[in-house]
Amino acid sequence: MPLLEPTIDQVRTGDTRALARVISSVENRSPGVSDLLKSIFPHSGRARILGLTGPPGAGKSTLVDQLARHYRKQDRTVGIIAVDPTSSYTGGAILGDRIRMQEHFSDPGIFIRSMATRGSLGGLARTTADVAMVLDASGRDVVMIETVGVGQDEVDIVRLADITVVILVPGMGDDVQTIKAGIMEIADIFVINKSDRDGAERVEREIRTLQSLAMRSDRWTPPIVKTIATDGKGIEELAAAIVGFEEYLQKNNLFDQRKIQNWEQRLVEMLRHTLLEKAYRSIGEGKLSHYATDIVKRERDPYSVVEEIVGGMK
């Protein structure tokens with residue numbers, strides 16, 4: 001894809017067709033996309049990036065939809081990235097977005113994109129970050145990244161965000177105990193959705209207990225917001241909690257420090273992916289299977305093989 005200035009100008013003005021084309025190029029890693037991203041990057045950095053995650057069935061999509069409505073009432077433009085790291089065939093996130101898209105179709109202030117792994121080798125977080133950056137550069141005031149599940153993919157993705165919201169729901173079996181420690185650690189705000197259900201108080205107590213066991217390095221205690229997203233209840237309180245955390249970070253000069261930490265992790269991810277691609281190119285077709293066969297036969301050891309591959313990288 002040739003690098004065209006009009007494309008960058010169209011992205012910056014929020015042209016939805018240009019946005020869709022560029023995002024497709026990013027997802028497919030089309031030729032020339034690296035130069036395109038380099039040209040777009042200087043125009044990013046103004047949007048507030050929100051990461052929202054939690055277990056399946058927590059009502060994340062409805063919550064994101066309600067937050068988007070809240071921001072639109074404030075005349076703020078919104079980008080939504082719905083990530084389904086489980087499978088590119090489930091259609092879960094995509095189907096949900098089609099329903100939401102029908103409601104927001106006539107509103108140019110909301111741009112929604114669904115993404116799946118497509119079998120990528122650890123590249124999901126990188127691609128999501130690039131798409132978020134493109135939406136940021138398009139002039140969106142808020143970009144929300146919604147992920148399904150609570151695995152390592154989700155931890156990597158929501159680490160890209162300025163502010164991370166973890167959404168829980170009563171009746172999850174062992175409730176908070178079912179959530180990975182990594183997710184609990186990155187939560188800046190907790191939401192107990194469907195809080196009219198039995199067990200909401202128990203979830204809140206368990207979160208409080210976990211919070212009492214460890215103090216965060218930034219000394220922030222994540223607030224717990226109760227919502228009933230289907231009725232729009234608690235959305236204003238959630239938006240206020242997001243603003244409260246922003247003000248806390250700014251007051252204590254922590255925003256830049258947080259962004260630097262995020263970029264350190266992002267650079268490691270980008271290096272890992274780039275070097276892995278380079279290694280695959282240097283190996284060539286069928287060579288990996290040949291190496292594996294030699295290792296199984298004990299004709300080679302894996303440590304020497306890796307050294308050989310790394311040594312042959314150009």
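My entries follow, grouped by topic.

**Ground rules.** I am working with a predicted model, where local features need pLDDT of at least 70, side-chain atom pairs count only at pLDDT 80 or more, and totals for chains, interfaces and linings use all residues. I number residues from 1 along each chain as its sequence is written, and my side-chain values use heavy atoms, with hydrogens and water left out.

**Strand 5.** I looked up strand 5 (residues 163–168) and found six of its six residues buried. Buried here is under 20% relative accessible area, exposed is over 50% and partly exposed is in between, with a 1.4 Å probe and protein chains only. Strands (E, at least two residues) and helices (H or I, at least four) are DSSP runs numbered from the N terminus. On one side of strand 5 I see Ile-163, Val-165 and Ile-167, on the other Thr-164, Val-166 and Leu-168, and all are buried.

I then checked the neighbours, counting two strands as paired if DSSP finds at least two bridges between them. Strand 1 (residues 48–53) runs parallel to strand 5 over four bridges, and Thr-53 has Val-166 as its bridge partner. Strand 6 (residues 189–192) is also joined to strand 5 in parallel by four bridges; there, Val-165 is partnered with Ile-189.

**Helix 6.** I note 14 residues in helix 6 (residues 124–137), with a reach of 20 Å from first C-alpha to last, close to the 20 Å expected. That expected span is 1.5 Å times one less than the number of residues. I find 14 of its 14 residues buried. Just after helix 6, Gly-139 has a positive phi of about 95 degrees.

**Salt bridges.** My criterion is a side-chain nitrogen of Lys or Arg within 4 Å of a carboxyl oxygen of Asp or Glu. The count comes to 18 salt bridges.

- Which residue does Asp-188 pair with in a salt bridge? I found Arg-258, with the closest N and O atoms 2.3 Å apart. Asp-188 sits in the loop between helix 8 (181–186) and strand 6 and Arg-258 in helix 11, so the pair ties together parts that are 70 residues apart in sequence. I have Asp-188 as buried at 1% relative accessible area, and Arg-258 as buried at 16%.
- Arg-69 and Asp-65 meet at 3.3 Å, N to O. They are four residues apart in helix 4 (residues 60–73), separated by about one helical turn. Arg-69 is partly exposed at 33%, whereas Asp-65 is buried at 9%.
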